[in-house]
Amino acid sequence: MIQVIDNNFAIQTKNTTYAFRVLPTGQLEHLYYGTKITLRSADDFGALCEQYAMAPGNTVAYDEKNNISLENIRFELSSYGKGDIREPYIDIKYPDGSRTSDLIFEEAHVLTEKHMYDTLPCSYDDGTFTKMPTQTLKITLKDRSHDVRLELYYSNFLETDVITRQTVLVNETKECIVINRIMSNQIDFEDSGYVFSSFSGAWAREMNRKDTILNGGKIVNSSYTGTSSNRANPFVMISRPGTDEDKGDCYGFNLVYSGNHYECMEISGFNKTRFVQGINPETFEYRVNAGERFEAPEAVMTFSDKGFNGMSHGLHTFVREHIVRGFWKHLNRPVLINSWEACYFDVTERKLLNLARKAKDAGIELFVLDDGWFGTRDDDTTSLGDWIANASKLPGGLEGLSHKIRSLGMNFGIWVEPEMVNEKSHLYKRHPEWVLKNPNTPHSTGRNQMILDLGQQIVRDYMIDSMSEVFSSGEISYVKWDMNRNISDYFSQDENINAGEVAHKYVLGLYDVMKTLSERFPEILFEGCSSGGNRFDLGILSYFPQIWASDNTDPVCRATIQNGLSYGYPQSVIGAHVSASPNHQTLRRTPLNTRFNVASMGLLGYELNLGDLTSEENKAIKDEITLYKALRDTLQWGELYRGRNFDDSEYTEWTIVAPDKSKAVTILIQNQVKPNMPMRKVYIKGLDPARRYTLKNVEQKQNLRDFGDLINNISPVHIKQDSWVYHALDRLKKLDGEKEQISGYGDSFAKAGVFLKQGFAGVGFNDEVAYFQDHCSRMYITETEE
Ligand code: DGJ
């Protein structure tokens, strides 16, 4: 519900309230964002207002009539020049050279539907999930001295506790103005000492949660990679100290945007906290001509007083229902095999078909041909831009291969990297003017490639045509869309695009291409990718329903990466694969079932040479895929609860509860074992508290070889480690692992937890003891008791 009472406004979601009002001086004062409160009259809003009487000390008094200082007011949006010296929301350069804006309330309307953008992706409400249509509060502000208006749109996704905010600047002057900064969101909190959590990292090390308590100064999370970036995801959290997964006040903020972004939290001299989020203002200088509108990316915000899990649940539903769209929105995602870590660039039809046959036997549903299939692409120095299949690798082209894969009973998918070009390519020779490149300096490459300038219409047209041709060749039902370098040399060879506009125009161009192609090929399942998770954001998810989370497929690293992602994104958008051991990025050896368990928390795929595995391993993979398919509805669409994680524990723990709470799947992963530890336990959160359930583990057989020469403690004759007898015995004899079967009520499983069989502690092993050593894991299935 949206309330408008005189000049007071409240957005009431299911569990939260967001309130603001018009100040006597005309600006918008932020009043409250938090747990739901009752507001029925203007007086009720009055209780939320700070009572300032005069501008203190050397602060700036707003004007002659109003002796108040804008420096100490909580604003919905702010600017420099009239006394507020904190992070501004907007910074516009007017034709007369001045840069002071003062945006004054003009009017408010409640729209009965979600407001949509023309140039950028945004959230939507198609009525399939919401019981009440998403209302939008439109506020119009006008600059006191210039014909510039700002429209703010607050949309209330009531059931998910998410509010979005859109900002549109309208230039009604007769001249061009320049935006130096325009944010998408601003929250002014009345106090300080909040925890700012960002998710940072680098290639193959994405989404590490970093917490900073801020009592003074400012902290910035931003990207200048041209993408939303693995260095600093645009999703951030602000919480009260002491907030944990299940209790405490927590805000989540995100942006529907895939380019350079900026999140800043600043403490003022009056101990207030300001948070702003938007396009990174660094080198941003965007011209808006007379009569034109500029849309700033949509901001997404949520609040929960039920800890990080509470906050994530609202966001997960929001992403599933109001960001992801199209044919695949609610469809189960196929189990896939990807050729990359199995073949790298060395793809030939023979190798691919061998891999496909093995994959089919294992129950895999989709075969994905990754990099290496086009031009003369035998390594990463060449051919990006030349999207024609290599005839010696694929004699029948994509079409021939796709038919052969289809006839094996699997769907066929393909990898592309359309935004890039190698200098060693026909495309670059024909169109050197299509890349981003500074005029009088040598350009920089990344992975030997240059960036096509998506700000240019002619480049976008080419990209749409060439990709349409690829996607129409053969029976392609999946596309992995990669982007493998950061942007540099921010300069367009099109004289109509200024350097300060290049980054944003690139993103607008990308969206134009993605929109056209995803609409032209509605049944293709697109998976976004950017060297793994370098562009994991809500803009990409508005067109592509899933994203490859990281080039790191090591399950121990993945546990941290996927745990980090899960704060802001549901598991139904996270691509996760089982790969070889030792792992190709870390050379770490891990058990196959741990690789499976971790990948099952996302969208399961395989990325290894199945032909090199033992028959025992192939059988285990087949069994795991059968299990995954039986649990797929829950795993992909259930509600995810985080438990402990590797940052503060030896364990990472996730429980995914079926929408009807009939069952839950829990994944428990151990980092490093220590002997003789306290008894192991899992907490099964989110079940129906009053229902009785039974928990069972997915049983594991234990290899003799895992016990090293300890097997001599039970063997009548001495067996030398690594001798042929040792290996023969290991193949013949498997030990039974522990078997768990424990019943109890949902509330007890969540609050008291469930004690598990003792872990191996160096003093003996039988089927009452769990082999739970370094990087071991278990999957537990909890089902309603019959
Ligand atoms: C980076 C991706 O993240 C990998 O999965 C793979 O597709 C390579 N690019 C191919 O070049």
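The paragraphs below go through a predicted model, starting at the ligand and moving on to helices and loops.

The ligand has 13 residues around it, and those that come nearest are Asp370, Asp371, Lys480, Asp482 and Asp551. By class, the shell around the ligand consists of six charged, three polar and four nonpolar residues. For aspartate 551, an N or O atom of the side chain is 2.3 Å from an oxygen atom of the ligand. In the case of asparagine 484, the ligand atom is a nitrogen, and the distance to an N or O atom of the side chain is 3.3 Å. Tryptophan 548 also has a polar side-chain atom 3.4 Å from a ligand oxygen. On its own the ligand has 290 Å² of accessible area, and the protein covers 98% of that.

Serine 581 and proline 582 are joined by a cis peptide bond, with omega at about 0 degrees. Most peptide bonds are trans. Proline 582 sits in the loop that runs between strand E28 (574-579) and helix H11 (592-600). Helix H11 itself is mostly covered, with nine of its nine residues buried. Among them are the nonpolar residues Leu592, Phe596, Val598 and Ala599, and the buried set also includes Arg595, Asn593 and Asn597.

Helix H12 covers residues 615-637, which makes 23 residues. From its first C-alpha to its last, H12 reaches 32 Å, close to the 33 Å expected at 1.5 Å a residue.

Most residues other than glycine have a negative phi. Asparagine 676, in the loop between strand E32 (663-670) and strand E33 (681-682), has a positive phi near 60 degrees. Histidine 775 has a positive phi near 65 degrees and lies in the loop between strand E38 (754-755) and strand E39 (777-784). How is each of them placed, buried or exposed? Asparagine 676 counts as exposed because its relative accessibility is 65%, whereas histidine 775, at 11%, counts as buried.

A last stop is helix H4 (residues 349-362), which contains alanine 356. Alanine 356 has a relative accessible area of 0% and is therefore buried. Between the C-alpha atoms of alanine 356 and serine 198 there are 40 Å, and the two residues are 158 apart along the chain.

Note on methods:
Residues numbered from 1 in each chain as written. Predicted model: local features only at pLDDT ≥ 70, side-chain atom pairs only at ≥ 80, totals over all residues. Heavy atoms only, no water. Helix = DSSP H or I, 4+ residues; strand = E, 2+ residues; numbered from the N terminus. Expected span 1.5 Å × (residues − 1). Near = heavy atom within 4 Å. Polar contact = N/O pair within 3.5 Å; in protein donor to acceptor, adjacent residues only side chain to side chain. Areas by Shrake-Rupley, 256 points an atom, 1.4 Å probe, with all protein chains shown as cover. Buried < 20%, exposed > 50% of the residue type's maximum accessible area, 1.4 Å probe, protein only.
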